[in-house]
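Please read these notes with the coordinates open.

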Amino acid sequence: MSNTVVAESPLVRFKLNERAAKGTGNAGVIVNERALLGHVNLRGDAQDPRFVSAASQVLGVDVPTAANTVHEAQGNTVYWLGPNEWLIVTTGERATALVGELRKALAGLFVAVTEVSGGQTVLVFRGRSARALFTKECPLDLHPRSFRVGQCAQTHLAKAPILIRQLDGEPTYEIVVRRSFSDYLWLWLESAAAEYGLAMSK
């Protein structure tokens with residue numbers, strides 16, 4: 001019996017790479033999956049300078065302490081989830097080592113470092129109708145006066161819990177969605193984006 005473990009996207013059955021090869025045409029919503037990235041949940045005391053200093057040194061970027069903000073550097077994206085909780089997204093190859101480095105640097109402090117890579121995936125939405133798509137079933141106000149580049153928020157899309165951030169002013173949105181909701185969310189997306197034209201990109 002083979003012990004080989006093959007990692008695959010939770011959206012593998014939708015053959016996104018094959019669809020991306022067809023090009024984007026005039027689609028109003030263009031989506032690509034950033035599959036198999038590393039995801040690490042970090043909990044600690046943001047008021048403890050030892051925690052903030054040690055975690056920031058390992059990550060190569062300051063841990064964000066302002067609500068609903070994102071810091072990014074050296075291949076690590078750090079999302080504020082709560083006053084004492086963050087999600088770190090990094091490369092899939094880096095995740096396990098990053099967990100070890102954080103645990104070593106934060107030893108003796110009241111913290112939790114948990115790799116959750118297998119339970120989530122990342123989708124990126126762009127195109128002239130991307131914002132319109134989200135306004136259909138996302139309760140968050142995505143108007144530029146309320147939600148800007150550098151911000152993130154935990155919310156829902158079509159009743160599926162997501163973490164969303166805006167990447168640029170186009171606007172391009174990135175969401176983190178749990179594996180268990182990704183299949184359902186994709187089926188909703190296929191239907192909801194049909195009126196705009198939906199295409200995949202790599």
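The points below take the helix contact and then the aromatic rings.

1. This is a predicted model, in which local features need pLDDT of at least 70, side-chain atom pairs count only at pLDDT 80 or more, and totals for chains, interfaces and linings use all residues. Residues are numbered from 1 along each chain as its sequence is written, and side-chain values use heavy atoms, with hydrogens and water left out.

2. Helices H2 (residues 49-59) and H3 (residues 95-105) have axes that come within 9 Å and cross at roughly 150°. Axes are lines fitted to C-alpha atoms over the stretch in contact, with angles from 0 to 180 degrees between N-to-C directions; helices are DSSP runs of H or I, at least four residues, numbered from the N terminus. H2 and H3 are therefore roughly antiparallel (angles over 145 degrees).

3. In contact (heavy atoms within 4.5 Å), Ala-54, Ala-55, Val-58 and Leu-59 of H2 meet Leu-98, Glu-101, Leu-102 and Ala-105 of H3. These residues comprise seven nonpolar, no polar and one charged (Ala, Val, Leu, Ile, Met, Phe, Trp, Tyr, Cys and Pro count as nonpolar, Asp, Glu, Lys and Arg as charged, the others, Gly among them, as polar).

4. The whole structure holds four aromatic pairs (ring centres of Phe, Tyr and Trp, its six-membered ring, within 6.5 Å; planes under 30 degrees apart are stacked, over 60 edge-to-face, the rest tilted). With centres 6.1 Å apart and planes at 40°, Phe-14 and Trp-186 form a tilted pair. Phe-14 lies in the segment before helix H1 (16-20) and Trp-186 in helix H5 (residues 179-192), 172 residues apart.

5. Phe-125 and Phe-134 pair edge-to-face, 5.0 Å centre to centre and 80° between the planes. Both are buried (under 20% relative accessible area, 1.4 Å probe, protein chains only; exposed is over 50%, partly exposed in between).

How values were computed:
Helix = DSSP H or I, 4+ residues; strand = E, 2+ residues; numbered from the N terminus. Parallel < 35°, antiparallel > 145°, perpendicular 65-115°, else oblique.
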